Amino acid sequence: MRTNQVKAVLKQGQVSFGSWLSLPSPIAARLTARVGFDWLMVDMEHSPMNYTMMAEIVGVILDARGPAPFVRVSENTLGNVKQVLDSGAWGILCPMVNSAAEATEIVSWCKYPPAGLRSIGGMLAPLGFDVSRSEYLSHSNNEVLVAVQIESKAGLDNVDEILAVPGIDIAFIGPNDLHAGLGLTPALESNEPLFHEALATIKAAATRNKVAMGILASTGEVAAQHAKNGFQFIGATADSWALVNGLTQTLKTVKG
């Protein structure tokens with residue numbers, strides 16, 4: 001069985017870098033999967049991505065035999081999580097998690113009985129780990145990664161209880177929404193004291209509960225700094241950003 005190397009790296013206290021995939025394009029994913037990132041996050045929350053496209057992109061990533069394929073769901077429901085994991089994804093990211101009760105439900109949706117409520121079926125999930133269905137059923141509970149986003153005032157207030165839920169691997173900070181939830185202008189980074197106080201609160205809770213911290217960065221330089229500041233699961237870019245930024249820089253260059 002293939003090992004979820006990102007989950008293993010996080011348990012060792014090491015850092016992994018990835019990229020968001022928001023373009024509904026297997027071709028773009030195929031190219032990105034060979035760049036060398038540790039993981040790729042297929043975004044179903046803020047992109048025009050349907051389940052068929054998501055499953056195709058997950059398959060493309062798996063066939064590259066490099067980065068781990070993860071998916072951010074559009075809404076935290078049993079059906080959404082089941083569809084993603086049954087597509088072969090190695091883990092999920094759930095947005096706007098505000099309570100321990102929500103976190104407990106999410107973990108249960110990712111685990112087969114008796115540990116959870118995930119139902120059995122589908123052919124693509126075992127393919128994701130190169131195993132038979134019986135082997136997948138025996139080992140996937142340990143390999144599937146569960147990440148929750150702390151990105152609201154409620155999530156911040158309840159962060160200790162959320163991260164104390166067994167089975168949570170990553171506390172992922174959504175910087176734009178966290179800024180907004182604190183009454184600040186949305187941004188990926190800022191010098192706002194309230195935002196940095198919130199980061200410190202989340203970091204302390206993650207440390208107490210032995211949960212890795214994740215965040216999205218605006219540039220590679222910022223991503224590297226996040227790693228120095230204790231973050232382990234860091235989104236360094238996105239396919240759409242890289243496309244627009246690269247084209248913009250080239251246009252500026254050719255126009256002098």
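Biologist: Where does Arg65 lie?
Modeller: Arg65 lies in the loop between helix H3 (51-64) and strand S3 (68-72). Helices (H or I, at least four residues) and strands (E, at least two) are DSSP runs, numbered from the N terminus.

Biologist: Before we go on, what kind of model is this, and how are residues numbered?
Modeller: This is a predicted model: local features need pLDDT of at least 70, side-chain atom pairs count only at pLDDT 80 or more, and totals for chains, interfaces and linings use all residues. Residues are numbered from 1 along each chain as its sequence is written, and side-chain values use heavy atoms, with hydrogens and water left out.

Biologist: Back to Arg65: buried or exposed?
Modeller: Arg65 counts as exposed, because its relative accessibility is 52%. Buried means under 20% relative accessible area, exposed means over 50%, and partly exposed is in between (1.4 Å probe, protein chains only).

Biologist: And what is the phi of Arg65?
Modeller: Arg65 is not a glycine, yet its phi is positive, about 55°. Met96 is also not a glycine and has a positive phi, of about 50°.

Biologist: Where is Met96, then?
Modeller: In the loop between S4 and H5. Met96 is partly exposed, at 31% relative accessible area.

Biologist: You mentioned H5. Which residues of helix H5 are buried?
Modeller: Helix H5 covers residues 100-110, and its buried residues include Ala103, Ile106, Val107, Ser108, Trp109 and Cys110.

Biologist: What do the buried residues of H5 pack against?
Modeller: They pack against H4, strand S4 (91-94), helix H7 (133-143), strand S5 (145-150) and helix H9 (159-163).

Biologist: Pick Ser108. What does Ser108 touch?
Modeller: Not counting residues up to four places away in sequence, Ser108 touches Gly116, Leu117 and Arg118. Contact means heavy atoms within 4.5 Å. Ser108 has a relative accessible area of 14%, so it is buried.

Biologist: What joins Pro113 and Pro114?
Modeller: A cis peptide bond, with omega at about 5°. Pro114 sits in the loop between H5 and helix H6 (124-128).

Biologist: New topic: how many disulfides are there?
Modeller: A disulfide is a pair of cysteine sulfur atoms within 2.5 Å, and by this rule the count comes to zero. Cys94, for one, is in no disulfide, and its nearest cysteine sulfur, that of Cys110, is 6.4 Å away.

Biologist: Is Cys94 buried or exposed?
Modeller: Cys94 counts as buried, at 0% relative accessibility. Cys110 is buried too, with a relative accessible area of 0%.

Biologist: Which helix holds Asn80?
Modeller: Asn80 is in helix H4 (residues 78-86). At 13% relative accessibility, Asn80 counts as buried.

Biologist: And what is Asn80 in contact with?
Modeller: Tyr51, Val73, Ser74 and Glu75, leaving aside neighbours of Asn80 within four places in sequence.

Biologist: Switch to the strands. Which strand has Phe233?
Modeller: Strand S8 (residues 233-238). Phe233 is buried, with a relative accessible area of 1%. Leaving aside neighbours within four places in sequence, the contacts of Phe233 include Val6, Leu10, Trp39, Phe70, Ile170 and Met213.

Biologist: How far apart are Phe233 and Ser25?
Modeller: They are 208 residues apart in sequence and 24 Å apart in space, C-alpha to C-alpha.

Biologist: Now the whole chain. How many helices and strands?
Modeller: The chain has 13 helices and eight strands. Its radius of gyration is 18 Å, close to the 18 Å that the globule rule gives for 256 residues, so the chain is as compact as a globular protein of that length. The radius is taken over C-alpha atoms, and the globule rule is 2.2 Å times the number of residues to the power 0.38.

Biologist: What does the C-alpha trace span?
Modeller: About 60 × 45 × 30 Å along the principal axes of the chain.

Biologist: How much of the chain counts as buried?
Modeller: Of the 256 residues, 49% count as buried. Among contacts between residues at least 6 apart in sequence, 63% join residues at least 24 apart.
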